[in-house]
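Hi everyone, thanks for coming. Let's have a look at the inside of a protein together, so please bring up the structure on your screens.

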Amino acid sequence: MEKAFDFLRRHREVAFATVEQDKPKIRVFQIMRQDGHTLYFATSPHKEVYRQLQENPEVELLAMDGNISVRAAGRAVFDVSDEQAREIYADNPVLPRLYGQYADLAYFRLAVVWLDYYDLTPTPPVLEHYECGGRD
């Protein structure tokens with residue numbers, strides 16, 4: 001399991017899927033912080049993705065590099081402390097370029113419930129599934 005989380009630590013740009021009514025919606029997100037099996041993100045409260053997460057917090061994400069990919073799922077929870085939000089904003093140079101201050105963003109965490117690690121390099125390919133129990 002740790003090799004999958006290490007992969008996510010090194011590959012922070014992920015395809016991030018939400019649901020709107022009965023339709024999947026996908027976009028690229030950046031993992032802003034990782035503490036153990038919990039991933040942290042930030043978005044504008046004015047964006048469609050924020051509304052989607054409020055209506056249905058179930059999320060899947062996918063990171064890929066070469067023959068290796070990691071797919072993970074969990075529930076978005078908007079309970080990131082003010083101190084953590086300030087640190088995330090200060091530690092990610094892209095955020096100040098896009099938003100004037102840390103309070104312009106909504107911060108959320110994803111406690112990973114399960115993840116799959118795929119490596120298509122060997123024969124046969126490696127598929128490892130992990131249950132993480134991160135449900136809030």
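The largest nonpolar core here has 25 residues, and please keep in mind that this is a predicted model. Within that core, the residues with the most contacts are Leu8, Phe16, Leu39, Phe41, Leu61 and Leu115. Which helices and strands supply at least two residues each? They are helices H1 (2–10) and H2 (48–55), together with strands E1 (13–20), E4 (38–43), E5 (58–65), E6 (68–77) and E7 (106–119). Strand E7 gives the most, with five residues. As a general point, nonpolar side chains tend to be buried together in soluble globular proteins.

Let's zoom in on Phe16. Leaving aside residues up to four places away in sequence, Phe16 touches a whole list of others, including Ile26, Phe29, Phe41, Leu53, Leu61 and Phe108.

Now for helix H1. Its buried residues are Ala4, Phe5, Phe7 and Leu8. Why do they sit on the same side of H1? Because they cover an arc of only 150° around the axis. And what do they pack against? The partners are strand E3 (33–35), along with E4, E5, E6 and E7.

One last stop, back in strand E7, where we find Arg109. Is Arg109 buried or exposed? It counts as buried, because its relative accessibility is 15%, and the cut-off for buried is under 20%. The side chain of Arg109 is joined to that of Asp79 by a polar contact of 2.6 Å.

Key. Residues are numbered from 1 along each chain as its sequence is written. This is a predicted model: local features need pLDDT of at least 70, side-chain atom pairs count only at pLDDT 80 or more; totals for chains, interfaces and linings use all residues. Side-chain values use heavy atoms; hydrogens and water are left out. A nonpolar core is a set of buried Ala, Val, Leu, Ile, Met, Phe, Trp, Tyr and Cys residues joined through side-chain atoms within 4.5 Å. Buried means under 20% relative accessible area, exposed over 50%, partly exposed in between (1.4 Å probe, protein chains only). Helices (H or I, at least four residues) and strands (E, at least two) are DSSP runs, numbered from the N terminus. Contact means heavy atoms within 4.5 Å. The arc is that of the directions from the helix axis to the C-beta atoms. A polar contact is a pair of N or O atoms within 3.5 Å; within protein, one must be able to donate a hydrogen and the other to accept it, and residues adjacent in sequence count only if both atoms are side-chain atoms.
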